[in-house]
Amino acid sequence: MSENIKNIIEVINYIENHLHEKLCLDIVAYAVHYSKYHLHRTFTNTVDLTIHHYIQRRRLTEAAKLLVFSDIPILKIALNFGYESQQSFTDIFKAMYKKSPNQYRKEKEFYPLLLRYILNEHITIKETNWNKKIVFATNEDISDCIKLLPIVVDGFPHLNETQFMKQLQKYIKNGQAFILKDIDTVIGMMAFHTITGNIDFLAVHPQYRKKGIEKAFFKKAYEFSQFDTITITTFREGDKADTGYRKMLKNIGFVESELLYEFGYPTQCLILHKKNLEDTTNESHIHKRKSLSTKL
């Protein structure tokens, strides 16, 4: 196991065991005996979230669970998770969940912002030519695909595991589900509707993000698409619950389309023209050649 991954697992364990206590970068670094600057850099590079945002999203998720499955007063829930007042808790909860704690409690429908990260302790894959390793998912892959869900729920408000499994089986049957594995661990998954040209699900394990895997999935979609454009829905601009999905998609070449509501949550449709994907790919190759020339 990589020493960095071992250290971050230790940090996650500490955070999860102290969610009800005062937590910040300084406290966590002191507790695990690391430099806070090194810890901040290593944690962010490993899980694609800062310690602050990991703690915030985990606390709000656990608070949301109590709102639905307990009768504990909202003020007490707020204080238990480190908020100084019910109002400060309400403000951040509403920014993330798009409804007040009181409204969320009345609707009695729990969904997580972020679940505890389970890291892959044995990363082996170092390919940059991801496209060759993306394959059709089979029924034998379903259990491994389901293991990815808890780690990527940050990108999918209202994700229901039971409904997802039923849909996944349909996508596999129709040859519209693709996966990428690191040995036996599914690190990326895409469900693509070949009739509508819409990507209904795209997820990459946090440890493998920002490595070009998402773009490789989009290229794979175009191999089986009869359209010159593909679509996907994501967070709206300025949504504080977005951990970077919108920025990633726009960097790849997606452009904004209509505003939508899915399961009562505000989202936006983005469109990727095939030419835009090719242009960003060419720009990446040019940048790599320039970097190589500079080094030489």
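Here is a guided walk through the structure shown above, from the whole chain down to single residues.

This is a predicted model, in which local features need pLDDT of at least 70 and side-chain atom pairs count only at pLDDT 80 or more, while totals for chains, interfaces and linings use all residues. Residues are numbered from 1 along each chain as its sequence is written, and side-chain values use heavy atoms, with hydrogens and water left out.

Let us begin with the whole chain. Its C-alpha trace spans about 55 × 50 × 35 Å along the principal axes. How does the radius of gyration fit a compact globule? With 296 residues, such a globule would have a value near 19 Å, and the chain has 20 Å, so the two agree. Here the radius is taken over C-alpha atoms, and the globule rule is 2.2 Å times the number of residues to the power 0.38.

Next, consider what is covered. Of the 296 residues, 48% are buried. Buried means under 20% relative accessible area, exposed means over 50%, and partly exposed lies in between, with a 1.4 Å probe and protein chains only. The chain exposes about 15700 Å², and carbon and sulfur atoms supply 52% of that area. These areas come from the Shrake-Rupley method with a 1.4 Å probe; for residues, only the protein chains shown count as cover.

Contacts tell us how the chain folds back on itself. A contact means heavy atoms within 4.5 Å. Among the contacts with a separation of 6 or more, 65% are between residues 24 or more positions apart.

Helices (H or I, at least four residues) and strands (E, at least two) are DSSP runs, numbered from the N terminus. Two strands pair if DSSP finds at least two bridges between them.

Strand β2 (residues 177-182) runs antiparallel to β3, and six bridges join them. Lysine 181 stands opposite valine 186 in β3. The hairpin of β2 and β3 has two residues between the strands, and isoleucine 183 there takes a positive phi near 60 degrees. On to the next pair: β3 and strand β4 (residues 198-204) are also joined by six bridges, in the antiparallel sense. Methionine 189 has alanine 203 in β4 as its bridge partner. The hairpin of β3 and β4 has four residues between the strands, and glycine 197 takes a positive phi near 75 degrees. Strand β3 (residues 185-193) has seven of its nine residues buried, so the rest of the structure largely encloses it.

Strand β5 (residues 229-235) is mostly covered, with five of its seven residues buried. Seven bridges join β5 to strand β7 (residues 265-273), and the two run antiparallel. Threonine 229 stands opposite histidine 273 in β7. Strand β6 (residues 255-262) is also antiparallel to β7, with six bridges between them. β6 and β7 form a hairpin with two residues between them, and phenylalanine 263 in the turn has a positive phi of about 55 degrees.

Let us turn to helix α10 (residues 213-223), which is mostly covered: nine of its 11 residues are buried. Among them are Ile213, Phe217 and Tyr222. Alanine 221 also lies in this helix, and it counts as buried because its relative accessibility is 0%. Which residues does alanine 221 touch, leaving aside its neighbours within four places in sequence? They are Met190, Phe192 and Ile230.

Histidine 33 is found in the loop between α2 (25-32) and α3 (36-47), and its phi is near 65 degrees, a positive value in a residue other than glycine. Histidine 158 is found in the loop between α8 (142-148) and α9 (161-173), with a positive phi near 70 degrees. Are they buried or exposed? Histidine 33 counts as exposed because its relative accessibility is 71%, whereas histidine 158, at 10%, counts as buried.

Finally, look at asparagine 13 in helix α1 (residues 3-17). Asparagine 13 counts as partly exposed because its relative accessibility is 30%. Asparagine 13 and tyrosine 117 are 104 residues apart in sequence, and their C-alpha atoms are 9.6 Å apart in space.
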